[in-house]
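Reader: I'd like to go through this structure with you. Can we start with how you count a contact?

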Amino acid sequence: MIYIKTKKEIDLIRESSRIVAETLQLLKRNVRPGITTKELDQIAEDYILSNNAIAAFKGYSQGGSSIDYPGAICASIDEQVVHGIPGNRVLKEGEIISLDVGVKKDGYYGDAALTVAVGNISEEKRKLMEVTEKSLYLGIEQAIENNKVHDISAAVQEYVEANGFSVVRDLCGHGVGKHLHEDPSIPNFGKQGTGPKLKNGMTIAIEPMVNLGRYEVKTLFDGWTVIATDGLASAHFEHTILIFNGQPEILTVV
Ligand code: MF3
Ligand code: CO
């Protein structure tokens, strides 16, 4: 079921999304060679708690046998696509790190992600990051009233593939707000003009995950970390957006 949010709910999602965006900017300023992903996790959680909010990913369960997610954020380095668990790994110059933050405040959620360079990176990784971020904005442009969900998907896929990269098939964007993950599912590939119709009052998370090489992914034995099977780098950008007055409004901005 796709929820249409009331004015009051939208204000709460706006507030959670603002905290998400501020947390991501704070993390971005702290990314440098020598810092561990656990330190980034701590910085994020402290900031979220200081805003009377909680880190929405912590304790999250996918169901089945997997363990509850242990981190406040996801920190996914190089070939790690998403859901990298923060730990003692030290960031090194030349890596790229995808940081994903979810916040719950007063019962409502915001969710966003970005990929950051650690010092100087290769031209190839730079282009991967640029194309992934641009594909997110092209997807957002399609999030207008009476368009279909797969208009977003097709816009993302077309741009990514025209640039020689591939979109991950096994993970999708999603509705967000009353829950971290709601309907509709928003794939990053698909056929224009298909899928559920977009309406005013919907809040959705659009999140292209783009691989430098092939699109296949697998999950590590920790039950969470998703990596590109070919071992090549991957990037991830995400925003929570609201469809209002027929148009997309990005909520996860500072
Ligand atoms: N933004 C990611 C998603 O929508 C983060 C989920 S991490 C989890 O899937 F731990 F909460 F699952
Ligand atoms: Co998400």
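Author: Contact means heavy atoms within 4.5 Å. Note that this is a predicted model.

Reader: What is Arg32 in contact with, leaving aside its neighbours within four places in sequence?

Author: Leu91 and Val118. Arg32 itself is in the loop between helix 1 (7-30) and helix 2 (37-50).

Reader: On to the metal. What coordinates the cobalt ion (ligand 2)?

Author: Asp111 through OD, His174 through NE2, and Glu207 and Glu238 through OE, at 2.1 to 2.2 Å. Along the chain the donors follow the spacing D-x62-H-x32-E-x30-E.

Reader: Which parts does the pair Asp111 and Glu207 tie together?

Author: Asp111 lies in strand 5 (residues 108-117), while Glu207 is in the loop between strand 9 (203-206) and strand 10 (209-211), so the pair links parts that are 96 residues apart in sequence. Asp111 and Glu207 are both buried.

Reader: What is the geometry of the cobalt site?

Author: Irregular: the angles among the six donor atoms run from 64 to 166°.

Reader: What about ligand 1, how many residues surround it?

Author: 13, and the closest are Asp100, Asp111, His174, His181 and Glu207. Asp111, His174 and Glu207 also coordinate the cobalt ion (ligand 2).

Reader: Which polar distances to ligand 1 do you have?

Author: A polar side-chain atom of Asp100 lies 2.7 Å from a nitrogen atom of ligand 1. For His174, an N or O atom of the side chain is 2.9 Å from an oxygen atom of the ligand. The corresponding distance for His181 is 2.8 Å, again to an oxygen atom of ligand 1.

Reader: Changing topic: where is Ser98?

Author: In strand 4 (residues 96-105). At 2% relative accessibility, Ser98 counts as buried.

Reader: Which side chain does the side chain of Ser98 join in a polar contact?

Author: That of Thr115, at 2.9 Å. Beyond its neighbours within four places in sequence, Ser98 is in contact with residues including Cys74, Val81, Leu114 and His236.

Reader: Last one, helix 3. What span should its 19 residues have?

Author: At 1.5 Å a residue, helix 3 (residues 123-141) should span 27 Å, and its end C-alpha atoms are 27 Å apart, which agrees. Among its buried residues are Leu128, Met129, Val131 and Ile140.

Key
Residues numbered from 1 in each chain as written. Chains lettered and ligands numbered in written order. Predicted model: local features only at pLDDT ≥ 70, side-chain atom pairs only at ≥ 80, totals over all residues. Heavy atoms only, no water. Donors = N, O, S within 2.8 Å, 3.2 Å for Na, K, Ca; no water. Tetrahedral: all angles 85-135°; square planar, octahedral: opposite > 155°, others 65-115°. Helix = DSSP H or I, 4+ residues; strand = E, 2+ residues; numbered from the N terminus. Buried < 20%, exposed > 50% of the residue type's maximum accessible area, 1.4 Å probe, protein only. Expected span 1.5 Å × (residues − 1). Polar contact = N/O pair within 3.5 Å; in protein donor to acceptor, adjacent residues only side chain to side chain. Near = heavy atom within 4 Å.
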